[in-house]
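Subject: Structure handover

Hello,

Here is the structure I said I would pass on.

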Amino acid sequence: MIISKVIAFFDKWGDVIWEATLETFQMGSISLIISVIIGLPLGILLVLTRPGKSLENKYIHFLLNILINIIRSIPFIILLFLLLPFTKFIVGTSIGVKGVIVPLVVYTAPYIARLMESALLEVNRGILEAYEAMGIKTKDIIWHVMVREARPSIILALTIAIIGLIGATAMAGLVGAGGLGDVAYRFGHLRYELDVMYVSIVLLVVLIQVIQSIGNHLAALLKKD
Amino acid sequence: MIQLKKISKTFHTKTKKVHALKNVSLEVKKGEIFGVIGYSGAGKSTLIRCVNLLEKPTNGEVYVNGSKLNTMSAEQLRETRKKIGMIFQGFHLLKTATVFDNIAIPLKLTGVPKREIPNRVQKYLAVVGLEDKQDVYPDQLSGGQKQRVAIARALSHEPEVLLSDEATSALDPETTESILDLLAKINREFGITILLITHEMHVIQKICDRVAVMENGEIIEQGNVIDLYSEPKQATTKKFINSLFPSDLPDETLKELQKRGPIITLTFVGSSAGKPALSMASKKFDVHANILSGNIIQLKDKPFGRLIAHLEGEPEETNKVRQFLANEGVQVEEVSFDDN
Ligand SMILES: Nc1ncnc2c1ncn2[C@@H]1O[C@H](COP(=O)(O)OP(=O)(O)OP(=O)(O)O)[C@@H](O)[C@H]1O
Ligand SMILES: [Mg+2]
């Protein structure tokens with residue numbers, strides 16, 4: 001009885017939901033990768049330009065801070081519209097998956113930079129000095145000591161960022177990029193297909209649980225104390 | 001091997017200037033173990049960090065093995081630092097790397113050929129006695145073992161000089177002893193010159209050849225350990241040395257005793273520390289010698305002792321005792337309370 005209902009449900013909605021899941025993955029992973037590529041170096045720069053650090057620079061540090069704070073204080077849905085012309089300029093379109101990547105990156109990269117900053121600041125200053133005293137280059141110290149030692153915190157920070165990112169993709173439907181959040185909203189809310197809404201929500205919940213567990217697990221693996 | 005010439009270091013904090021080092025000069029000879037002792041805030045860490053330029057002196061020159069570090073390019077300084085090992089109170093190991101990697105990663109980053117690295121790691125882990133801990137992470141080690149890994153890491157670069165910033169201050173007394181023994185062995189067997197700083201006298205007496213006493217950013221006294229122990233000149237030095245010979249006799253008692261004969265401090269150095277000079281004297285002369293407190297400590301290669309004794313008898317006789325002791329090679333000094 002129930003089984004036949006489930007089969008009927010997936011017959012009808014399977015494709016839509018599958019498609020939406022793929023879109024969420026696609027939007028999430030592409031923007032994540034680009035955001036890390038931008039956010040990690042920014043986080044490192046934030047740390048290194050602090051007073052007393054090797055690239056100490058009041059102005060760069062101040063500017064970066066302000067910029068990150070400004071972007072971080074704008075809700076994604078507003079950022080999405082605010083950036084329309086910019087998005088169009090960068091990728092040639094402001095709709096679809098392609099059109100939503102730019103705002104997602106602008107939204108996530110500063111967040112990642114901030115998270116990276118706090119993860120990197122946890123690294124004991126003494127160990128950086130120990131490596132400096134051994135005659136090791138600053139760029140090697142950054143990569144092989146600072147980033148390496150911060151890996152468990154970096155993974156946890158990324159987990160948080162991914163979850164925030166998935167939350168933001170729910171609004172991507174507004175520019176026609178689809179995704180699970182969009183399905184839940186369009187079918188569940190606008191067309192009153194409650195089953196579709198529930199299934200999409202369950203999928204989102206499962207997705208986030210899985211990501212959090214993977215993050216925790218990886219961080220624990222890398223952490224050796 | 002290490003020469004500091006007129007080093008000054010001033011820190012500018014938001015509220016004030018701190019003169020951490022004031023015109024400090026120091027020379028550490030090749031092959032010796034040189035200790036710097038001082039109370040907290042004296043400027044010891046700042047001084048040792050000037051040697052490898054972790055701290056840039058405000059004024060003055062730093063020479064290591066003949067080359068001047070102040071004017072070096074970043075590249076030259078890195079090359080020079082490879083030959084200056086350093087260990088710290090906090091060990092500073094990578095938490096996320098095994099003992100093996102903690103030594104191997106810096107070797108790789110300083111350009112040691114890849115196939116040579118495992119041999120080096122094993123060689124120096126054996127020197128510090130941790131061959132069996134290669135695959136363990138630092139947090140599974142005791143404090144003493146972590147410091148051994150840090151020492152192996154420093155040695156693996158085959159340095160000429162080792163700087164030690166309070167390397168034993170976080171360790172219990174027994175572990176401290178074993179780390180000091182290890183440092184002495186490194187100095188003996190590899191001929192590595194060691195400059196160490198500490199606030200503990202027994203670190204100085206156990207392994208140092210020469211010592212400098214720091215106070216308020218200045219070196220107030222320096223010399224061979226044995227000379228400094230037997231004839232300290234500055235008040236702070238005396239305080240450090242007195243701390244080794246605790247005497248908790250109340251002044252009242254001492255003053256009472258003094259009415260019946262002098263109270264003297266006997267300092268024994270080297271062979272005289274082994275002789276029963278005082279008991280010989282009291283047999284020979286009409287004097288009762290009463291030991292109030294005393295201790296013999298082992299310096300790096302000589303015993304050193306100090307007794308406080310009361311000599312009861314006629315002044316004529318007690319003077320003879322003092323003469324006798326002096327002839328036996330014992331330093332005798334009368335304790336006076338006027339300055340208390
Ligand atoms: N980076 C810094 N900025 C400002 N002041 C500093 C700095 N480093 C050291 N000082 C000051 O310089 C003085 C000497 O410090 P230093 O760390 O050399 O003392 P120390 O003898 O090593 O003491 P301890 O035994 O506590 O380690 C202190 O007054 C300290 O507060
Ligand atoms: Mg110190």
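Which residue of chain B forms a salt bridge with A:Glu132? The partner is B:Arg81, and the closest N and O atoms of the pair are 3.7 Å apart. Please keep in mind throughout that this is a predicted model.

The interface between the chains

That pair belongs to a count of two salt bridges between chain A and chain B. Polar contacts across the interface of chain A and chain B come to four residue pairs, with both residues at pLDDT 80 or more. On the side of chain A that touches chain B, helix H6 (125-133) and helix H7 (138-169) each supply at least two residues. H6(A) gives the most to that side, with seven residues. Sorted by class, the residues on the side of chain A that touches chain B are eight nonpolar, four polar and nine charged.

In total, the contact takes 21 residues from chain A and 25 residues from chain B. The size of an interface is often given as the accessible area lost when the parts come together. For chain A and chain B the buried area is about 2200 Å², and carbon and sulfur atoms give 58% of it. Three residues, A:Ala133, A:Met134 and A:Lys224, supply 26% of the area that chain A buries against chain B, more than any other three residues.

One residue of chain B: B:Arg78

Leaving aside residues up to four places away in sequence, B:Arg78 touches A:Gly135, A:Ile136 and A:Lys137. Within chain B, the side chain of B:Arg78 makes a polar contact with the side chain of B:Glu75, at 2.7 Å. For a sense of scale, B:Arg78 and B:Leu249 are 55 Å apart in space, C-alpha to C-alpha, and 171 residues apart in sequence.

The ligand

Which residues are closest to ligand 1? They are B:Ser40, B:Gly41, B:Lys44, B:Ser45 and B:Thr46, out of 13 residues that surround ligand 1. Some individual distances can be checked here. A polar side-chain atom of B:Thr46 lies 2.5 Å from an oxygen atom of ligand 1. An N or O atom in the side chain of B:Lys44 is 2.8 Å from an oxygen atom of ligand 1. For B:Gly43 the atom concerned is a polar backbone atom, 2.9 Å from an oxygen atom of ligand 1.

On its own, ligand 1 has 630 Å² of accessible area, and the protein covers 61% of that. Strand S2 (17-28) and helix H1 (44-51) of chain B are the elements that give two or more residues to the shell around ligand 1. H1(B) has the largest share of this shell, with three residues. By class, the shell around ligand 1 holds five nonpolar, six polar and two charged residues.

Chain A as a whole

How many helices and strands are there in chain A? Chain A has nine helices and zero strands. The C-alpha trace of chain A spans about 70 × 45 × 25 Å along its principal axes.

Regards

Note on methods: Residues are numbered from 1 along each chain as its sequence is written. Chains are lettered from A and ligands numbered from 1 in the order in which they are written. Side-chain values use heavy atoms; hydrogens and water are left out. Contact means heavy atoms within 4.5 Å. Buried area is the accessible area (1.4 Å probe) that two parts lose on being put together, summed over both. A salt bridge is a side-chain nitrogen of Lys or Arg within 4 Å of a carboxyl oxygen of Asp or Glu. A polar contact is a pair of N or O atoms within 3.5 Å; within protein, one must be able to donate a hydrogen and the other to accept it, and residues adjacent in sequence count only if both atoms are side-chain atoms. Helices (H or I, at least four residues) and strands (E, at least two) are DSSP runs, numbered from the N terminus. Ala, Val, Leu, Ile, Met, Phe, Trp, Tyr, Cys and Pro count as nonpolar, Asp, Glu, Lys and Arg as charged, and the others, Gly among them, as polar. A residue is near a molecule or strand if one of its heavy atoms lies within 4 Å of it. Accessible areas come from the Shrake-Rupley method with a 1.4 Å probe; for residues, only the protein chains shown count as cover.
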